[in-house]
2 protein chains.
Amino acid sequence: MADPLDTVFSALADPTRRAILSMLLEDDMAVTDVADPFEMSLAAISKHLAVLGAAGLISQEKRGRVKWCKLEPDALRAASVWMQGFGQFEPVNLDAFERFLEGELGPDAQG
Amino acid sequence: MADPLDTVFSALADPTRRAILSMLLEDDMAVTDVADPFEMSLAAISKHLAVLGAAGLISQEKRGRVKWCKLEPDALRAASVWMQGFGQFEPVNLDAFERFLEGELGPDAQG
DNA sequence: GCCACATTCAACCGAATGGTTGACAATTCC
DNA sequence: GGAATTGTCAACCATTCGGTTGAATGTGGC
């Protein structure tokens with residue numbers, strides 16, 4: 001799995017990981033706080049964060065005993081550019097984005 | 001795996017499938033012709049096409065004994081909108097897209 | 001020093017993925 | 001009708017994935 005597109009797209013393919021990214025849009029978060037809304041173990045969330053980190057979608061910085069997670073949207077750029085080749089999508093449409101976010105986070109955050 | 005974003009992103013996570021989509025950008029193709037440049041069996045390509053079809057990224061129509069595959073870029077729209085929320089990416093950048101296409105298809109088409 | 005907290009590690013498990021092969025079904029051509 | 005072509009199905013295999021649990025590692029507070 002050498003191509004960065006592989007890791008980025010496969011990281012995005014999991015609903016838990018997309019929900020985490022959405023949470024990190026709001027603010028940087030500690031691992032424990034990221035895990036809080038989900039119904040799975042902390043270790044599972046830790047693994048998901050590792051996948052997101054390997055894809056470059058987040059960075060993690062340890063301060064004290066807390067590891068902070070930060071969104072790194074640049075990693076999405078390559079994937080976004082790749083996709084845009086397939087349909088001449090209109091530029092940023094934040095209304096539509098809000099609707100998708102609600103669909104992701106509203107009814108069932110852990111997918 | 002109910003969310004369409006799951007199926008679209010996980011379909012895009014495989015380099016063979018992305019290469020197939022790139023080929024279908026040029027023109028509609030029969031299954032055998034899609035399989036031709038790859039070093040794997042026809043059955044494997046048939047499975048990949050099924051995954052792309054399930055994600056709505058292609059459609060397949062049988063005419064005679066030949067099944068034609070057609071790109072369906074609309075399925076990418078939801079994913080594209082979702083991603084654009086994470087970075088205010090600039091609108092279509094076809095130069096960058098060309099570079100990525102070459103990276104995908106040039107050195108080693110079967111990834 | 002000791003206990004609590006934050007996070008990861010290691011081993012394990014079941015299910016899904018990506019590939020193979022060989023048999024099969026449908027269609028066209030002679 | 002019979003042979004070749006197109007494509008899928010079914011069974012199988014190795015690997016990866018997403019989750020669990022329990023132990024281990026740092027770090028901070030008292």
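Tutor: A salt bridge is a side-chain nitrogen of Lys or Arg within 4 Å of a carboxyl oxygen of Asp or Glu. The model here is predicted.

Student: What makes the contact of R63(B) and E61(B) a salt bridge?

Tutor: The N to O distance between their side chains is 3.1 Å. The cut-off is 4 Å, so the pair qualifies as a salt bridge.

Student: Why is R63(B) called partly exposed?

Tutor: Its relative accessibility is 48%. Partly exposed lies between the buried limit, under 20%, and the exposed limit, over 50%, so R63(B) counts as partly exposed. E61(B), at 45%, is partly exposed as well.

Student: Why is D74(B) called exposed?

Tutor: D74(B) has 54% relative accessibility, so it counts as exposed, the limit being over 50%. Its salt-bridge partner is R77(B), with N to O at 3.5 Å. R77(B) has a relative accessible area of 29% and is therefore partly exposed.

Student: How do you know that D6(A) and R18(B) form a salt bridge?

Tutor: Their closest N and O atoms are 2.5 Å apart, and the definition asks for within 4 Å. This pair crosses between chains, from helix α1 (residues 4-12) of chain A to helix α2 (residues 15-26) of chain B. D3(A) is linked with D6(A) and R18(B) in a network of salt bridges. Over all chains, the search finds eight salt bridges.

Student: What makes D6(A) and R18(B) buried?

Tutor: Buried means under 20% relative accessible area. D6(A) is at 5%, so it counts as buried. R18(B), at 0%, is therefore buried too.

Student: Why is helix α5 (residues 75-84) of chain B said to be largely enclosed by the rest of the structure?

Tutor: Because eight of its ten residues are buried. Among them are L76(B), V81(B), W82(B) and M83(B).

Student: Why are α2(A) and α4(A) called roughly perpendicular?

Tutor: Helix α2 (residues 15-26) and helix α4 (residues 42-54) of chain A pack at about 75°, with their axes 10 Å apart. Angles of 65 to 115 degrees count as roughly perpendicular, so the term applies to α2(A) and α4(A).

Student: Which residues meet there?

Tutor: T16(A), R17(A), I20(A) and L21(A) in α2(A) meet residues of α4(A) including I45(A), H48(A) and L49(A). The contact divides into six nonpolar residues, two polar and one charged.

Student: What is the mean pLDDT of chain A?

Tutor: The mean is 82, and 77% of the residues of chain A reach 70 or more. Over residues 89-111 of chain A, however, the pLDDT is below 50. Where pLDDT is low, the predicted coordinates should not be read in detail.

Technical notes:
Residues numbered from 1 in each chain as written. Chains lettered and ligands numbered in written order. Predicted model: local features only at pLDDT ≥ 70, side-chain atom pairs only at ≥ 80, totals over all residues. Heavy atoms only, no water. Axes fitted to C-alpha atoms, helices over the stretch in contact; angles between N-to-C directions. Helix = DSSP H or I, 4+ residues; strand = E, 2+ residues; numbered from the N terminus. Parallel < 35°, antiparallel > 145°, perpendicular 65-115°, else oblique. Contact = heavy atoms within 4.5 Å. Nonpolar A, V, L, I, M, F, W, Y, C, P; charged D, E, K, R; others polar. Buried < 20%, exposed > 50% of the residue type's maximum accessible area, 1.4 Å probe, protein only. pLDDT = per-residue confidence, 0-100.
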